[in-house]
Amino acid sequence: MMGKFNLNNTSILQSIKWGRMPIFRFARFFANFFLTLAVLSLFFVGLSFLGGFQFGLAVRIVIFFVILFIFFWEADLFLKNRIQSPQISKNIEEVAKAPGDYNLAEFLSFSSALIVYGALRYCKRRRISEVSSMALLYAALDADRDINVIFSRLNVSSADLKQDLKNSLEKSKRDGSFALSFSEDFNLAIIDSLNEAVMHKHERIEPMDILVGISKAEFFKKILVNASLKLDDFENLTLWFDYFTRKIKESKQFWSKENLAITGSLGKDWATGYTITLDQYSIDLRREVRRWLYKAIIGHEDEIEKLQAALVRPEVNNVLLIGEPGTGRDSIIEGLARRVYLGKSLEEINYYRVVELDMTALLSQMTDNNQVENVLDRIFQEAVTAGNIILVIKELQNYIGIENPQPGSIDIAGIIGKYLKIQAFKFIGLTDYAGLHQRIEKNSSLLSLFEKIEVAEVSEQETIRILQNLALELEYKYKVFVTYPAIRELVSLAARYIPNQPFPQKGIDLLQDVVVYVARSMKQRVILPEHVSKVISTKTEIPVGSVEKKEKETLLNLEKLIHDRIVNQEEAVKEISIAMRRARAGIASKKRPMGSFLFLGPTGVGKTETSKALAEIYFGGEKKMIRLDMSEFQAIADIPRLLGARGEEGLLTTPVRENPFSLVLIDEIEKAHRNILNLFLQILDEGTINDGQGRKTSFTNTIIICTSNAGAEKIFKATEKNEPVDKEGLLEDLFNQKIFRPEFINRFDATVIFKPLTKENLLAICQLSLKSLQKSLREKDIEFVITEGLKEKIVDLSYKPAFGAREMRRVIQDRVESVVAQALLEDKITKGDKFEISDDFNLTKVEK
Amino acid sequence: MSNNILASWFLWHFYEEPRFLLQVWRNYIQFSIDFFSTPLLLKTLFSPWRRYNWGYPRGFDVGKFFETLTSNILSRIVGAISRFVLIIVGIVFQIFIVIAGAVVFLGWIALPLAVLMGLLFCFGLYSI
């Protein structure tokens, strides 16, 4: 339902008018001015004691200035506390339920009313017949500093935008008289801003709400498109800015309960015990968290709630916080420490000290493990006796289940075990999944004394908010300016190119790297998306910035690029190219691998070579190829070798974790055990698999190619008869022979048949191979002339249809390369020479 | 909101701001109670200082027993003295907060009158 809107006769308009009265406009200036005069006039009082001035008059002058100061000071207070926030008759939540019943102008804040008032005045002055949301944005940019800050964070120039808006407004419909009517998009913007205000629990409609309201207007879409932004970006930024300004405002209210509570409680401390030994080897998190200004724990509220509840349980009140490093485990502890310190946690643990025991410091200072055990025992006793300690040990797995501890390592399971049973001993251990499975789970009695809380990875949206807060600290430290698009780009690229590390840590690390890079090497210290791309490219060795453009070019020319290396196999190459284009055009699921293919065909026909070509074209080199031969994985017992196990890295998962942008070549897939094929079903379908240590390995940035010789005979027969290979029939045979199952084959983007090579193909391949030798010799300034006779002789010697082109490599090595090597060593050919090799493999110089 | 600025000021100065000052006053009183935690100090007045407590020896050893007893009594005495001092400091501080709050509160209420009297004094229409 459309709301009414009329600024006339509203109390907020009255406030604006009062606010423009000189007494209020200049109140702060006069207050400061008269305070200065009052202080200076004390000089007359001093002078009067020396007889240079009449005492009574001096006092009167001082009092006069003090009175004027008080008058203007109170006027300023009255302006801020009363005039600028007049009381409203209704809660805006109720208003939002039936906006049509109210004049929405009544619910504007003072700053918002100034914006609307500015828009009205502008339209009236320029005789624009209707006040539109565009005029509202123009006025907002003119009146509100915060809105300008928002646009600068979005890397949009406020001045340019204002000029564009002005030009567009000048072209609006003009009328002789200004009728004070509002356009439809203006009304919609006001309704949206009302809903926005309700959502953010504002008392009134604030400028940020109006801005979000305007952002949904049609004309604003163009602004967003020009700046490569989405509506979500805009809402995220305003939401964060709103939070940030609120926190800054709250921090200035020194009289508020929360700010007073920062001092802590001396009385409660005196009622608890000393922890002399613990203090030597620990970090009291109270010191870390007491001065937080705008820092907040984002995305882990659930975990903190669970942690608090677990710590006050009557029986087991020890917690094992399980999560991969970088998921925010430390932040959860800090969040708990902050709540506990301010007395905002549960009654039973309010005002406790959250203390992190620094095991590394402890172990580095003592070589004798008995001594360490004694100190630990004393520390745990102190924690119990003090009565206000929540003890934290990070990476607990490093101190549990250690066999044959050496100096610098210790197994504390025995010592801590007896304390964990004591109710007054509150303990939090941090570990990861590998540590849990490999060490802690082995000690089931110890594990039973913990409540396990799993830490989930924060979302991309939450990471953006965390990075926005961090950016402020980094901006201050390195004197740079981090734009919002840079942060958004960072999170999006990190999610894509560094999939095997968790958020938020990878985002935090990257942001720090980008800031340092810009601070050191850029003149203009503004962080833009391209700086992020540059740093990620360096880090991952992937040309990130140009990836989209480059990938488009690659995909469009894929056939040609593959054929630069591969002879024949037109159909196969075409099929691969079509499948890759389909998979990468954004239609296919982003969760699955970039491409997945099954190459069927006899040996030596170019299956591996095609894979190498694809690795080079797509990932920039053959070194980005992870190759596994499935003949080594024919039993269930081979699965741990493939996926890893306790203390063992997986031959498939670890290289993919380390190089997520790779081509995975699985040779002789038909030889793999059925259960191993099932694992590939999951990889092809979901794009991820958990390794033997419980870590998620993502295959979404890999191309998976499985090769197989199965069905080679049928392919040969078809080729001999010069008939096309019946792919459906071939696959049917493979299903009947139970070599593959239909559900396995269906998971691939394409099943590609490679045909045997003909003599003509081999001649072309021979030419390619000899050209490679020719190229190497040319670098030595030696010219190698390839003759037809030589090529034919090589093909004659190596032509065995069952082995394809594989034999040719051997023949070239044995007969050609060895002859050239011998001649080079004997100085028969030197720099500047030209030679050829005859069909009986004799090297002869050719005159130039 | 009344269109009369004077009425609006009157309402703000004599109702809204005093209400705000009372809230701030309450926050400070609450803070001083939390900071000194006087009830807790009273409850634990005779507890050992910083929970220093020694276990009595097993078996019959009068010397050791009295040594421990003396130490424990001493710990309680130190605890009681320290807490008593803190309780006194706390009470004094709380009295100060109450008085300071009252002065600010009443001072604010009386501010217009003080300004008026100051003006009269400046122009010689009123003398102290």
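Visitor: How many bridges join strand 13 of chain A to strand 16 of chain A?

Guide: Strands of a sheet pair through backbone hydrogen bonds, either parallel or antiparallel. In this predicted model, strand 13 (residues 663-667) and strand 16 (residues 703-708) of chain A run parallel and are joined by 4 bridges. Within this pair, Val664(A) stands opposite Ile704(A) of strand 16.

Visitor: In what order do the strands of that open sheet lie?

Guide: There are 5 strands in the order 12-13-16-11-17 of chain A, with parallel pairing. Strand 12 (625-629) and strand 17 (750-753) of chain A are the edge strands, each pairing on one side only. On average, neighbouring strands of the sheet are turned by 20° against each other, direction ignored.

Visitor: Why can helix 11 of chain A be called largely enclosed?

Guide: In helix 11 (residues 207-215) of chain A, 9 of the 9 residues are buried, so the helix is largely enclosed by the rest of the structure. Among the buried residues are Met208(A), Asp209(A), Ile210(A) and Ser215(A). They pack against several helices of chain A, including helix 6 (110-125), helix 7 (133-143) and helix 13 (231-252).

Visitor: Which residues of helix 40 of chain A are buried?

Guide: For helix 40 (residues 788-798) of chain A, they are Leu790(A), Lys793(A), Ile794(A), Val795(A) and Ser798(A). Their cover includes helix 39 (759-779), helix 41 (806-825) and strand 19 (834-837) of chain A.

Visitor: Which residues have the most contacts inside the largest nonpolar core?

Guide: That core has 132 residues, and those with the most contacts inside it are Ala119(A), Leu136(A), Val354(A) and Leu490(A). Leaving out residues up to four places away in sequence, Leu490(A) touches Leu467(A), Gly507(A), Leu510(A), Leu511(A), Val514(A) and Val532(A). Another core, of 70 residues, lies apart from the largest one and includes Ala613(A), Ile626(A), Ile703(A) and Phe740(A).

Visitor: What pattern does chain B follow along the sequence?

Guide: The pattern is α-α-α, with 3 helices and 0 strands in chain B. Chain B has 27 Å, whereas a compact globule of 128 residues would have a value near 14 Å. Its C-alpha atoms fill a box of roughly 85 × 40 × 15 Å along the principal axes. Buried residues make up 13% of the 128 residues in chain B. Of the contacts in chain B with a separation of 6 or more, 74% are between residues 24 or more positions apart.

Visitor: How many residues of chain B are in contact with chain A?

Guide: An interface is read from each side: 32 residues of chain B are in contact with 32 residues of chain A. Helix 1 (5-36), helix 2 (38-43) and helix 3 (62-122) of chain B each give two or more residues to the side that touches chain A. Helix 1 of chain B gives the most, with 13 residues. By class, this side of chain B has 17 nonpolar, 10 polar and 5 charged residues.

Methods:
Residues numbered from 1 in each chain as written. Chains lettered and ligands numbered in written order. Predicted model: local features only at pLDDT ≥ 70, side-chain atom pairs only at ≥ 80, totals over all residues. Contact = placed C-beta atoms within 7 Å. Nonpolar A, V, L, I, M, F, W, Y, C, P; charged D, E, K, R; others polar. Pairing = 2+ DSSP bridges. Axes fitted to C-alpha atoms, helices over the stretch in contact; angles between N-to-C directions. Core = buried A, V, L, I, M, F, W, Y, C linked by C-beta atoms within 7 Å. Buried ≥ 20, exposed ≤ 12 C-beta atoms within 10 Å, placed from the backbone. Rg over C-alpha atoms; globule rule 2.2 N^0.38 Å.
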